[in-house]
Amino acid sequence: MSAQGDCEFLVKRARELVPGDLWAAKAWLITARSLYPADFNIQYEMYTIERNAERTASAGRLLYDMFVNFPDQPAVWREISVITSALRNDSQDKQTQFLRGLFETLPGRVQCEMLLKATEQCFNTLERAEMLLLLLRRFPETVVQHGVGLGETLLDAESIEDQESPVNCFRKLFVCDVLPLIINNPDVRLPASLLYKYLNKAAEFYINYVTRSTQTESQYQGSQDSSDIMSPSKRSSQKYVIDGLTEKSSQITDPWERLFKILSVVGMRCEWQMDKGRRSFGDILHRMKDLCRYISNFDSDAHAKYKNQVVYSTMLVFFKNAFQYVSNIQPSLFQGPNAPNQAPLVLLEDVTNIYGDTDIDRNKHIHKKRKLAEGREKTMQSSDDEDPSGKARSRHITVNKADLANSIEVLESFKLARESWELLYSLESLDKEFTRICLSWKTDTWLWLRIFLTDMIIYQGQYKKAISSLHHLAALQGSHSPQQITGQGSLENQRALIQLATCHFALGEYRQTCEKVLDLMCCILLPIQEGGKVQEEQPKVKSKFRKGSDLKLWPCTSRAIMPYCLHLLLACFKLRAFTDSRDDMALGHVVVLLQHEWPRGENLFLKAINKICQQGNFQYENFFNYVTNIDMLEEFAYLRTQEGGKIHLELLPNQAMLIKTSSPPMGLLQQEFIPVLQPSIQTADRHHTVTRGITKGVKEDFRLAMERQVSRCGENLMVVLHRFCINEKILLLQTLA
């Protein structure tokens, strides 16, 4: 008891001397240690003095002595815990660096034993895994004994914790930190089944990590600029942090590179038919196609081996290139402050040749009366002949360089992904394995992948299947973004509408086409244009270069999509307007729509005029609401003259009712007979009695309406056509019923 008291006295005396005379304090402790070498408190006090003075070497020697002589003391493990925390910490502060240096002074054997025992002291799975990982990295020889066990512990913890996403702290530590140590160590023997399991886990993790924003981050739901409602939806640019890890630990550089490296190592371990050196995705796919040709010739073991090679190699090429395609056409889907500020693109049927195959001389004013009269004598070439072979030939996708700078690479990615998908479904054994993997990964919930698959199905010309895929896409979009922006759907909703329209059009379902286009028109808010003409974004390419252009990637913006919508509407109505049976309403809609991109549609307009002349009369009461093109107005005015054929035109609202009525005199024309004319036109002379002078009165109204209409020629045409689509929605749909 007296010895214990002596020890306490010596330690206390040394502590009192530390602030004033450090060397005297150390002398007291050295003496105490000589007298009582088995006393822990004396040695711990010596260590504390050296540690506080940041003397790395002497503190390290004392820690080593305590670890060897007093392994069960809680104070020793508190110190070791602080040191191991510093080893795992990313911080570069002075204290952390000192503790790391202190650890480095210990002999390697002691470091290894210390880490191993420190691991045993951890009860938290994640902390234990990080500690053991520290051991494996510093002492690779321990990987054989502890590597696979640590990997399985992490995968078990992931299951026990019931993690919703594969991008979690346990999977990250396993895939990025433990797995490379295991598979790159030649002394670790693993069965092929375990290697495939690990490859599967790694692939699922990396693919979900790269595309994580579509599953884990909420989309921006604020108000959008009215001038561009289809611009990419904004997303958080903050760095992604995996729950349970630090921000630095959550960042993974070159995830695709890491994944293909794991594929390569697993392939070598499983004795696949590997090529030396790095190969492109196209080369890998070509090699897999060759392997598929004779895969059925192998015995069951070899067949299983090469089946896995084809499935995993082709699958990773597929996901990589599908991601590459979608991330370029819709970069806003994926996380990162460096995402390009680029309008999203949408794959659509190319209907730019809707005006017909004949190019016209832009400098020739063939809309003038004399030229039109001459034009009527000529046989008009039909512009509504469809090419029945279009779906059979290899389809071609075009995109403007201004919309997609790296278009060649993106379209190559689309091609590689498409061919990979086709290869995976070319054999029953591949199909079965790939389907199993997709089900386990829940790929049917991946919004970005559904966008790619929809585009691929549209490319293949399977429009009914594409419509089903688009409905699936809408359901996915609803689950990812349950709150819709009032009055305007989300970007994905608008993509779906325009693609549904293009699919219905390709199927010849023109009413449904029109319905989707008009729904989309309600979402479009026009950009303000100066002057009466809207500058077109799309260059006018002569039709001879368009022959093979079946599809086009269009910017998903109001400015680009509205012209496409007008093309689709024109395509629908022109088929109805130019049949043998008469349909003045459809013909009138065509005339309104032909104003867009004038004078590209002049030949089709001539065809419409020719049909009106053959009929001898024409009725379209919306004419003065929406036709503001001076050339068209001039031509219709000419039709009423003797030279123009004295065609009977009923273009004023209720004009037909007015002329046909046989009731007694009604006195003055009531205002409701002309409810939709411009206010200035409504003030025209209404004092024509419904008697012998009715025809003269109608002529006068027509003349005044024409004069007023000429004053509207400076109006923004896109605004006029947008109003036409919104206000006449019911009428337009009835016309196609």
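**View 1. The largest nonpolar core of the predicted model holds 139 residues.** Ile207, Met315, Phe318, Phe319, Tyr325, Trp448 and Phe452 have the most contacts inside this core. Helix 16 (residues 300-329) supplies the largest share, 15 residues. A nonpolar core is a set of buried Ala, Val, Leu, Ile, Met, Phe, Trp, Tyr and Cys residues joined through side-chain atoms within 4.5 Å; buried means under 20% relative accessible area, exposed over 50%, and partly exposed in between (1.4 Å probe, protein chains only). Helices (H or I, at least four residues) and strands (E, at least two) are DSSP runs numbered from the N terminus. This is a predicted model, in which local features need pLDDT of at least 70 and side-chain atom pairs count only at pLDDT 80 or more, while totals for chains, interfaces and linings use all residues. Residues are numbered from 1 along each chain as its sequence is written, and side-chain values use heavy atoms, with hydrogens and water left out.

**View 2. Surroundings of phenylalanine 318.** Not counting residues up to four places away in sequence, phenylalanine 318 touches Ala417, Ser420, Trp421, Phe434, Leu449, Phe452 and Leu453. Contact means heavy atoms within 4.5 Å. A second, separate core has 71 residues, including Ile524, Cys565, Val592 and Cys725.

**View 3. An open sheet of three strands in the order 1-3-2, with mixed pairing.** Strand 1 (345-349) and strand 2 (397-398) are at the edges with a single partner strand each, so one side of each has no neighbour in the sheet. Two strands pair if DSSP finds at least two bridges between them. Strand 2 and strand 3 (residues 551-555) are parallel and share two bridges; threonine 398 has lysine 552 of strand 3 as its bridge partner. Helix 20 (residues 447-459) lies across strand 1, strand 2 and strand 3, at about 20 degrees to strand 1. Axes are lines fitted to C-alpha atoms, for helices over the stretch in contact, and angles run from 0 to 180 degrees between N-to-C directions.

**View 4. Aromatic pairs of phenylalanine 205 with tyrosine 206 and tyrosine 209.** Rings of Phe, Tyr and Trp (its six-membered ring) pair if their centres lie within 6.5 Å; planes under 30 degrees apart count as stacked, over 60 as edge-to-face and the rest as tilted. The count by this rule is 34 aromatic pairs. For phenylalanine 205 and tyrosine 206, the centres are 5.4 Å apart and the planes at 70 degrees, so the pair is edge-to-face. Phenylalanine 205 and tyrosine 209 are stacked, at 6.1 Å centre to centre and 25 degrees between the planes. Both of these residues, phenylalanine 205 and tyrosine 209, lie in helix 11 (residues 192-210), four residues apart. Phenylalanine 205 is buried at 0% relative accessibility, tyrosine 206 at 2% and tyrosine 209 at 3%.
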